[in-house]
Amino acid sequence: MAKASGIIPQIAVVAGVCSGSLATIASMFDFVVASEKNGEFYVNPPFIMNKKENGKELGSIKNANACGLVDFVCADEPEAYAKAKELL
């Protein structure tokens with residue numbers, strides 16, 4: 001994966017729950033595109049982390065985007081897939 005980075009675009013599309021080690025792996029891709037409608041992105045489940053931090057829902061796509069883990073936030077899955085195609 002590291003050898004292909006920057007040569008072959010590596011794009012992760014988060015269209016559902018992306019948690020634990022999957023979230024860690026997805027964050028290593030060149031681009032992470034996520035669906036705000038159904039996407040969740042976290043390493044530790046929000047219930048362990050008291051669910052809210054500074055008024056933002058932990059695990060939400062908006063929070064992951066604010067932390068720099070998600071590059072593009074899309075309204076739904078079709079828009080996320082279209083954005084991934086655009087990046088290619």
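Accessible areas here come from the Shrake-Rupley method with a 1.4 Å probe, and for residues only the protein chains shown count as cover. By that method the protein chain exposes about 5,500 Å², of which carbon and sulfur atoms supply 56%. The structure is a predicted model, in which local features need pLDDT of at least 70 and side-chain atom pairs count only at pLDDT 80 or more, while totals for chains, interfaces and linings use all residues. Residues are numbered from 1 along each chain as its sequence is written, and side-chain values use heavy atoms, with hydrogens and water left out.

The protein chain has 3 helices and 7 strands, taken as DSSP runs numbered from the N terminus (helices are H or I, at least four residues; strands are E, at least two). Read from the N terminus on, these elements follow the order β-β-α-β-β-β-β-α-β-α. Contact means heavy atoms within 4.5 Å, and of the contacts in the protein chain with a separation of 6 or more, 48% join residues 24 or more positions apart.

Of the 88 residues in the protein chain, 28% are buried; buried means under 20% relative accessible area, exposed over 50%, and partly exposed in between (1.4 Å probe, protein chains only).

Helix α3 (residues 77-87) can be followed from its start, where a side-chain oxygen of D76 reaches to within 3.2 Å of the backbone nitrogen of E79. Within α3, the residues E77, A80, K83 and A84 are buried. Seen down the helix axis, the buried residues of α3 fall within an arc of 120° (taken from the directions from the axis to the C-beta atoms), so they line one face of the helix. Their cover includes β1 (11-14), β3 (31-35) and β7 (72-74), whereas P78, K85 and E86, on the other side of α3, are exposed.

Two further cysteines can be set side by side: C67 counts as exposed because its relative accessibility is 53%, while C74 is buried, with a relative accessible area of 4%. A search of the whole structure finds 0 disulfides, a disulfide being a pair of cysteine sulfur atoms within 2.5 Å.

Terms used: Polar contact = N/O pair within 3.5 Å; in protein donor to acceptor, adjacent residues only side chain to side chain.
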